[in-house]
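Let's learn to read a protein structure together, one feature at a time.

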Amino acid sequence: MGGFLIYFLIIMIVPIWAQFKVKNTYNKFSKVASAEGMPGAEVARRILDANGLYNVQVKETPGVLSDHYNPMTKTVHLSSENFHRPSVAGAAVAAHEVGHAIQDQQGYAALRFRHALVPVANISSNIAWIFIIIGLLSTAMSNMLLIGIILMAAGVLFQVVTLPVEFNASSRAMDQMVSLGLISNREERDARKVLNAAAMTYVAAAAVAVMELLRLILIFVNRDE
């Protein structure tokens, strides 16, 4: 019972801590004006044009930290604050999303694999727990638990593959901002803090997903012994 309580606390606290970290870091550096005075929209446009991605649009999207790149429409979406405000955080986030556009242009293998997993992960994530709950409630229906574990594994694989995609996009973002002179030398460390904090949310999500998958596998294996 004690072990389960510790496990439960870990899978609850780790994601909350990661979300707190990224929001706190983002809020701090969204108030720090960038030396170049460029809003995120201009930062994104500069990097896109420098890489020949003239066909990729930069659009404003509602919400906070709702920034993303849509490979289907070839569009970088920036939240209103990052789109308009010239801040260190806005520049870092904009550059990160453009990093995904560059990955898309270059056919980055991990990104292509993640895109291929999207439909499978969406379906499996929605139905996996139906099989898992049935399998956990009935010892006579262990196969249902196994099916749920297999479905859940597809979703976990998607989260694990997301890690190199996100870290690579952040690396590209820093390289582009520095080489194009979009941030000053003193701002490099702050921009990296923003990107690292954001990456931790993906690490936390993947870690929790892997732990939960392993727990269910152990339950299944021990049940059949």
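Q: Does threonine 162 count as buried or exposed, and why?
A: The general idea is a cut-off on relative accessible area: buried means under 20%, exposed over 50%, and partly exposed in between (1.4 Å probe, protein chains only). Threonine 162 has 6% relative accessibility, so this residue counts as buried. One caution before we go on: this is a predicted model, where local features need pLDDT of at least 70, side-chain atom pairs count only at pLDDT 80 or more, and totals for chains, interfaces and linings use all residues. Residues are numbered from 1 along each chain as its sequence is written, and side-chain values use heavy atoms, leaving out hydrogens and water.

Q: Which helix is threonine 162 found in?
A: Helices are DSSP runs (H or I, at least four residues), numbered from the N terminus. Threonine 162 belongs to helix H6, residues 142–179. From there, its side chain reaches the backbone oxygen of phenylalanine 158 at 2.8 Å.

Q: What is a salt bridge, and how many does the structure hold?
A: Look for a side-chain nitrogen of Lys or Arg within 4 Å of a carboxyl oxygen of Asp or Glu. The structure holds six of these. In one of them, arginine 46 meets glutamate 42, at 3.1 Å from N to O.

Q: Why are arginine 46 and glutamate 42 separated by about one helical turn?
A: Because they are four residues apart in helix H2, residues 40–50. Arginine 46 is partly exposed at 43%, and glutamate 42 is partly exposed at 30%.

Q: Where do glutamate 212 and arginine 215 lie?
A: Both are in helix H7, three residues apart, which is about one turn of the helix. Glutamate 212 counts as buried at 11% relative accessibility, whereas arginine 215 is partly exposed at 25%.

Q: Which residues form a positive surface patch?
A: Patches are made of residues with over 30% relative accessible area and no salt bridge, like charges being joined within 9 Å. Lys and Arg count as positive, and the place of a charge is taken as NZ of Lys or CZ of Arg. Here, Lys21, Lys28, Arg189 and Lys193 form a positive patch. Helix H1 (2–29) and helix H7 (185–223) are the elements that give two or more residues to the patch. Arginine 189 lies in helix H7 and counts as exposed, at 62% relative accessibility.

Note on methods: Patches are made of residues with over 30% relative accessible area and no salt bridge: like charges are joined within 9 Å, nonpolar side chains (Val, Leu, Ile, Met, Phe, Trp, Tyr) within 5 Å. Accessible areas come from the Shrake-Rupley method with a 1.4 Å probe; for residues, only the protein chains shown count as cover. A polar contact is a pair of N or O atoms within 3.5 Å; within protein, one must be able to donate a hydrogen and the other to accept it, and residues adjacent in sequence count only if both atoms are side-chain atoms.
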